[in-house]
Amino acid sequence: RVVLTDRITRVVGSVGSGSFTDSSTSEAVVLVFPDDERKWAYPSRFVRSARAQKGRFEMSGLPPNQEYRVLAIDYLEDGEEYDPDFLKKMRERAGRFSLREGDSVAIDLRVVQR
């Protein structure tokens, strides 16, 4: 089944730290993944990561009508965003949001140290 739409989802936000002297925001990685564990397997269009650029991030095209988790972490190893054990550990530390078709969501995050 193919669905075409011009109502693209978008997630934007900022990443901060608890300290004015902490430079981890420039190196932080924002990770978005679905609340539903069945959608974590590689390759998943429901899992996204983006490096924060000057404390800002943006992602678009996440599938709508889903519940997601989001967090900013100090680093992410290659492929770790699809590791079910890692995502289970991060799930409790992550914020929640939902996306509907055409939604644009703004989120402010603090860096989670691993």
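Two residues are in contact when heavy atoms of theirs lie within 4.5 Å, and leaving aside its neighbours within four places in sequence, Leu87 is in contact in this sense with Leu31, Phe33, Trp40 and Glu81. The model is a predicted one, in which local features need pLDDT of at least 70 and side-chain atom pairs count only at pLDDT 80 or more, while totals for chains, interfaces and linings use all residues. Residues are numbered from 1 along each chain as its sequence is written, and side-chain values use heavy atoms, with hydrogens and water left out.

Leu87 belongs to helix α1, which covers residues 84–91; helices (H or I, at least four residues) and strands (E, at least two) are DSSP runs numbered from the N terminus. Leu87 has a relative accessibility of 0% and so counts as buried, where buried means under 20% relative accessible area, exposed over 50%, and partly exposed in between, with a 1.4 Å probe and protein chains only. Arg69 is 18 residues away from Leu87 along the chain, and the C-alpha atoms of the two are separated by 9.7 Å.

Beyond the helix, in the loop between α1 and β6, is Arg93, which is partly exposed with a relative accessible area of 43%. Its contacts, apart from neighbours within four places in sequence, are with Val112 and Gln113, and the C-alpha atoms of Arg93 and Val112 are 7.9 Å apart although 19 residues separate them in sequence.

The aromatic residues come next. The structure holds 3 aromatic pairs, a pair being two rings of Phe, Tyr or Trp (its six-membered ring) with centres within 6.5 Å, stacked if the planes are under 30 degrees apart, edge-to-face if over 60, and tilted for the rest. One of them joins Tyr42 and Tyr82 in an edge-to-face arrangement, with 5.0 Å from centre to centre and 80° between the planes. This pair links distant parts of the chain, since Tyr42 is in the loop between β2 (29–34) and β3 (48–51) and Tyr82 in the loop between β5 (66–73) and α1, 40 residues apart. Tyr42 is exposed, with a relative accessible area of 64%. Another pair is formed by Tyr68 and Phe97, whose ring centres are 5.5 Å apart and whose planes meet at 20°, so this pair is stacked. Because Tyr68 lies in strand β5 and Phe97 in strand β6 (residues 95–99), the pair ties together parts that are 29 residues apart in sequence, and both Tyr68 and Phe97 are buried.

The backbone also has details to follow. A cis peptide bond, with omega about -15°, joins Tyr42 and Pro43, and Pro43 lies in the loop between β2 and β3. Most residues other than glycine have a negative phi, and most peptide bonds are trans. Lys54, in the loop between β3 and β4 (56–60), has a positive phi near 55° and is exposed at 82% relative accessibility. Asn65, in the loop between β4 and β5, likewise is not a glycine and has a positive phi of about 60°.
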